[in-house]
Number of protein chains: 2
Amino acid sequence: METRELRYFVAVAEELHFGRAAARLGMAQPPLSRAISQLERRLGVDLLRRTSRSVTLTEAGTVLLREGRAALGAVEAAERRTRRASQSQGLVLVSKAGAAGELLPKMLDAYAAEPHAVPVEVVLCGAGQQEALLRDGRADVALLHLPFDSTAGLDTEELTTESQVLVMPAGHEFSTRASVRMSDLAELPMPRWPELDGTYLPGPGPEVHDATQLLQLIALGRAVTVLPESVRTSLHGGLTTVPVLDAPLVTTVIAWPPHSRSLALAGLIQAATRL
Amino acid sequence: METRELRYFVAVAEELHFGRAAARLGMAQPPLSRAISQLERRLGVDLLRRTSRSVTLTEAGTVLLREGRAALGAVEAAERRTRRASQSQGLVLVSKAGAAGELLPKMLDAYAAEPHAVPVEVVLCGAGQQEALLRDGRADVALLHLPFDSTAGLDTEELTTESQVLVMPAGHEFSTRASVRMSDLAELPMPRWPELDGTYLPGPGPEVHDATQLLQLIALGRAVTVLPESVRTSLHGGLTTVPVLDAPLVTTVIAWPPHSRSLALAGLIQAATRL
DNA sequence: GGCGGCGATACCGTGGGGGTATGGAAACCC
DNA sequence: GGGTTTCCATACCCCCACGGTATCGCCGCC
């Protein structure tokens with residue numbers, strides 16, 4: 001199977017429409033139709049059910065969509081990492097914007113003090129995107145937060161575990177309490193983060209896309225949220241926190257793609273775990 | 001990058017010889033040379049250092065060899081899993097030949113008793129091959145033994161942990177002792193298992209390639225070995241065991257490729273962990 | 001029943017991948 | 001040191017497969 005065929009199939013499987021898929025691929029529709037039929041014939045498997053009105057995935061097509069995306073990611077990763085290996089031998093670290101406030105600078109300082117340290121570029125991204133960045137080679141190492149982020153298919157090392165606190169404006173009804181419980185918060189509208197595709201699930205809370213925006217909304221009294229306690233060091237005035245007793249513990253882990261233990265990466269991981 | 005280019009590059013990088021690589025690929029040498037140069041030009045990266053006498057990998061070439069193998073594995077996996085999804089919806093479980101003697105049948109029985117169980121095909125392979133089989137889609141799930149097998153890039157669930165015993169012929173000098181230590185065994189020639197490429201590292205012990213052969217050699221007095229204690233249930237007469245106090249504990253885990261939680265697989269994993 | 005949307009089919013042109021023949025550099029050998 | 005061998009690169013050619021345009025066939029809809 002060639003990556004071209006995979007790209008074609010993934011486009012069609014995502015659009016469920018040959019015309020739109022062809023447009024997305026920058027080609028005409030007939031060659032795309034043919035390419036998919038050829039792929040089906042070569043695999044000996046029906047991937048799509050076409051009526052002249054609609055296209056749906058078969059069981060096998062669903063599998064190939066999932067596996068094909070992963071395979072394309074791996075190919076792109078190979079390309080990116082090769083390119084990067086030829087130029088800079090620095091590392092790219094990715095973390096959620098606004099997360100890991102304290103830990104990150106400490107880690108970078110500790111690593112930079114090492115004898116053979118290489119430059120570390122820090123990329124901040126939206127929640128849940130780190131895995132994709134690692135997978136397709138745009139990043140070498142990530143900071144993830146369990147249990148929110150998935151570590152499927154990554155090697156990890158635990159760094160810290162912390163409890164969570166409710167973040168709210170100073171005058172909030174809970175601001176004078178010594179602690180709260182999750183059940184106290186059930187009625188409060190929680191801000192909604194974007195899904196992987198950039199859209200928002202429906203719900204009562206405001207839509208946010210980064211931490212600064214979130215903290216502003218909280219300061220404005222439009223939202224409250226539950227965050228790891230380390231955020232307290234980076235809160236400006238006007239915001240206050242109380243512990244949430246039964247919120248899940250948040251573990252920060254450093255994660256990297258398996259089989260990629262370059263010397264530089266090993267050094268960074270070691271520096272991080274020694275903190 | 002097309003998989004064809006990747007296959008070409010991997011072949012050349014492994015052979016370090018354009019002529020042999022071309023033969024392996026079933027093509028002539030000149031088009032192969034050209035394809036590699038094109039790849040280098042497109043990536044903007046030198047992958048190989050050629051003198052007219054020898055070919056060596058550059059730094060970037062080393063990266064692409066590693067990443068390219070993984071990417072090709074992912075593509076093959078996509079193909080195989082798609083094919084399998086269209087026919088049988090059974091599972092393929094892979095384990096080292098001779099290992100997991102007790103656990104495996106129990107697990108399969110427990111799973112078969114479940115309401116929606118699908119057929120499970122059991123494949124036995126040499127040590128260290130399970131990961132490759134999982135990765136390229138020939139297997140869905142594997143039994144691995146820590147700390148010997150690598151679980152890099154796999155999702156796992158621990159099943160059992162056991163200590164190890166020395167296996168030897170009945171009349172062996174250690175057979176009357178209550179226990180031994182690793183230091184007692186330092187002088188004994190241990191059998192050598194094949195590496196990933198099927199070759200053997202040099203050393204004093206006999207070369208073995210499966211468990212039956214190993215046990216026969218032990219019965220013949222030509223070798224002794226250290227194995228997880230569960231092997232005791234499958235030893236025939238003439239062999240005996242004593243505990244090795246300070247041998248590493250062996251943990252049997254069930255492992256599967258990330259992102260592949262089909263219903264059937266989830267059921268099998270659940271049945272296994274409930275044992 | 002005419003129309004519009006969509007996927008499949010028919011047919012054509014071209015670019016690129018693969019072939020053979022040959023060049024050119026470096027090691028080896030007597 | 002010149003001939004020989006070895007090995008990768010270049011030159012040239014051919015053909016197939018990929019992509020484009022035109023068109024058909026099917027089906028829902030107004």
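1. Let me start with the interface between the two chains. Chain B and chain A bury about 2900 Å² between them, and carbon and sulfur atoms account for 62% of it. Please keep in mind as you read that this is a predicted model. On the side of chain B, the residues that lose the most area to chain A are Met1(B), Thr82(B) and His259(B), which together make up 19% of what that side buries.

2. Next, who takes part. The contact draws 36 residues from chain B and 36 residues from chain A. Sorted by class, the side of chain B that touches chain A holds 16 nonpolar, 7 polar and 13 charged residues.

3. The polar side of this interface is worth a look in your viewer. The rule finds 4 salt bridges across the interface of chain B and chain A. A salt bridge joins the side chains of Glu2(A) and Arg7(B), with an N to O distance of 2.7 Å. For polar contacts, 14 residue pairs are found across the interface of chain B and chain A, both residues being at pLDDT 80 or more.

4. Which elements give two or more residues to the side of chain B that touches chain A? They are α1 (3-15), α3 (29-43), α4 (59-86) and α6 (130-135) of chain B. The element that gives the most to this side is α4(B), with 18 residues.

5. The same surface serves both copies, since 100% of the contact residues of chain B recur in chain A.

6. Within one chain, the domain layout comes next. Chain A is divided into domain 1 (3-82), domain 2 (88-144 + 252-273) and domain 3 (164-243). The centres of domain 1 of chain A and domain 2 of chain A, taken over C-alpha atoms, are 33 Å apart. Their contact takes 5 residues from domain 1 of chain A and 7 residues from domain 2 of chain A.

7. A last point on that domain pair. Domain 1 of chain A and domain 2 of chain A bury about 460 Å² between them, with 50% given by carbon and sulfur atoms. The count between these two domains is 1 salt bridge. Asp136(A) and Arg80(A) meet through their side chains in a salt bridge of 3.7 Å, N to O. The side of domain 1 of chain A that touches domain 2 of chain A has 1 nonpolar, 1 polar and 3 charged residues.

Note on methods
Residues are numbered from 1 along each chain as its sequence is written. Chains are lettered from A and ligands numbered from 1 in the order in which they are written. This is a predicted model: local features need pLDDT of at least 70, side-chain atom pairs count only at pLDDT 80 or more; totals for chains, interfaces and linings use all residues. Side-chain values use heavy atoms; hydrogens and water are left out. Domain bounds come from an automatic or database domain assignment. Contact means heavy atoms within 4.5 Å. Buried area is the accessible area (1.4 Å probe) that two parts lose on being put together, summed over both. Ala, Val, Leu, Ile, Met, Phe, Trp, Tyr, Cys and Pro count as nonpolar, Asp, Glu, Lys and Arg as charged, and the others, Gly among them, as polar. A polar contact is a pair of N or O atoms within 3.5 Å; within protein, one must be able to donate a hydrogen and the other to accept it, and residues adjacent in sequence count only if both atoms are side-chain atoms. Helices (H or I, at least four residues) and strands (E, at least two) are DSSP runs, numbered from the N terminus.
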